[in-house]
Amino acid sequence: MSETAARPLRADAERSVRAILEAAERVLSKDPGASMEQIAAAAGVARTTIHRRFAHRQALIDALASSAARQLVEAVEDGRPDTAPPLVALHRITANVLEVKGAWAFALELPADPGSEAAALHEDIGRRCITVLERARADKLIDEAADLHWVRRVYYALLGESLRGSPDDTGIDTDTLAARVIDTLLHGAGPRT
């Protein structure tokens with residue numbers, strides 16, 4: 001466990017860690033081999049500051065993955081997966097997840113080490129997704145015979161494709177993309193009857 005997760009940080013230290021993690025996302029998304037010094041420079045902190053917060057590069061990457069996964073959990077929870085009507089929850093969660101995944105693409109593409117905080121958070125998100133899909137099925141939004149684990153995989157694929165986008169998607173807001181994802185998930189590309 002990193003020093004940042006072991007004990008609460010002062011407000012200024014939290015700001016430094018946040019700046020370092022945001023800079024790490026920007027720098028590593030462009031150059032996955034970037035050094036700690038390059039990340040420190042992009043964060044506007046001294047090299048010693050980054051080394052004081054993160055003992056080595058892997059500790060920084062682990063903290064980045066965990067931080068991004070925690071934000072993804074918050075995005076899902078903000079969609080009220082247990083209490084909002086399923087269609088509303090699906091749309092809101094999708095819009096929130098698109099925003100977080102768009103901002104933290106590098107960190108969220110990292111393979112989570114088994115047993116890590118990030119891995120546990122991703123497993124929880126997967127369970128929460130199945131719960132929302134079960135609620136959608138109970139509301140007859142999803143066929144009762146549908147394999148919800150497969151539906152989740154299709155949903156994740158639609159999210160990924162939405163984030164990669166196309167030239168036609170330039171400037172489309174996350175609510176519009178979320179509506180497309182949910183419409184495609186629930187209705188496919190066939191004609192409406």
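At what angle do the axes of helix H6 and helix H10 cross, and within what distance do they come? I started there, bearing in mind that this is a predicted model.

**Entry 1: H6 and H10**

I looked up the two axes: H6 (residues 86-103) and H10 (residues 174-187) come within 8 Å and cross at roughly 125 degrees. I log the pair as oblique, because angles of 65 to 115 degrees count as roughly perpendicular and those over 145 as roughly antiparallel. H6 and H10 are therefore oblique to each other. For handedness, I noted that H6 passes H10 in a right-handed crossing.

From H6 I have Leu87, Leu90, His91, Thr94, Ala95, Leu98 and Glu99. H10 brings Thr174, Asp175, Leu177, Ala178, Ala179, Val181, Ile182 and Leu186. Sorted by class, the H6 and H10 contact holds 10 nonpolar, three polar and two charged residues.

**Entry 2: the whole chain**

Then I stepped back to the overall layout. I find 10 helices and zero strands in the chain, and read along the sequence the pattern goes α-α-α-α-α-α-α-α-α-α. The C-alpha trace spans about 65 × 35 × 25 Å along its principal axes.

**Entry 3: two domains**

How is the chain divided into domains? I get domain 1 at 1-54 and domain 2 at 63-187. Their C-alpha centres lie 27 Å apart. Nine residues from domain 1 and nine residues from domain 2 take part in the contact.

I also looked up the area: domain 1 and domain 2 bury about 710 Å² between them, with 70% of it on carbon and sulfur atoms. Which three residues supply 64% of the area that domain 1 buries against domain 2? I wrote down Arg18, Leu21 and Glu25, a share that is more than any other three residues supply.

**Entry 4: H2 against H5**

Arg18, Leu21 and Glu25 turned up again when I listed how H2 meets H5. The axes of H2 (residues 11-30) and H5 (residues 57-78) come within 10 Å and cross at roughly 100 degrees. H2 and H5 are therefore roughly perpendicular to each other.

On the H2 side I listed Arg18, Ile20, Leu21, Ala24, Glu25 and Leu28. These meet Arg57, Leu60, Ile61, Ala63, Leu64, Ser67 and Gln71 in H5. The class tally for H2 with H5 is eight nonpolar, two polar and three charged residues.

**Entry 5: H2 against H3**

The crossing of H2 and H3 is right-handed.

I noted Ala19, Ile20, Ala23, Ala24, Arg26, Val27 and Leu28 from H2, meeting Gln38, Ile39, Ala42 and Ala43 in H3. By class, the H2 and H3 contact has nine nonpolar, one polar and one charged residues. Ile20, Ala24 and Leu28 are on my list for H3 and on my list for H5.

How values were computed: Residues are numbered from 1 along each chain as its sequence is written. This is a predicted model: local features need pLDDT of at least 70, side-chain atom pairs count only at pLDDT 80 or more; totals for chains, interfaces and linings use all residues. Side-chain values use heavy atoms; hydrogens and water are left out. Axes are lines fitted to C-alpha atoms, for helices over the stretch in contact, and angles run from 0 to 180 degrees between N-to-C directions. Helices (H or I, at least four residues) and strands (E, at least two) are DSSP runs, numbered from the N terminus. Angles under 35 degrees count as roughly parallel, over 145 as roughly antiparallel, 65 to 115 as roughly perpendicular and the rest as oblique. Contact means heavy atoms within 4.5 Å. Ala, Val, Leu, Ile, Met, Phe, Trp, Tyr, Cys and Pro count as nonpolar, Asp, Glu, Lys and Arg as charged, and the others, Gly among them, as polar. A crossing is left-handed if the near helix is turned anticlockwise from the far one by less than a right angle, and right-handed if clockwise. Domain bounds come from an automatic or database domain assignment. Buried area is the accessible area (1.4 Å probe) that two parts lose on being put together, summed over both.
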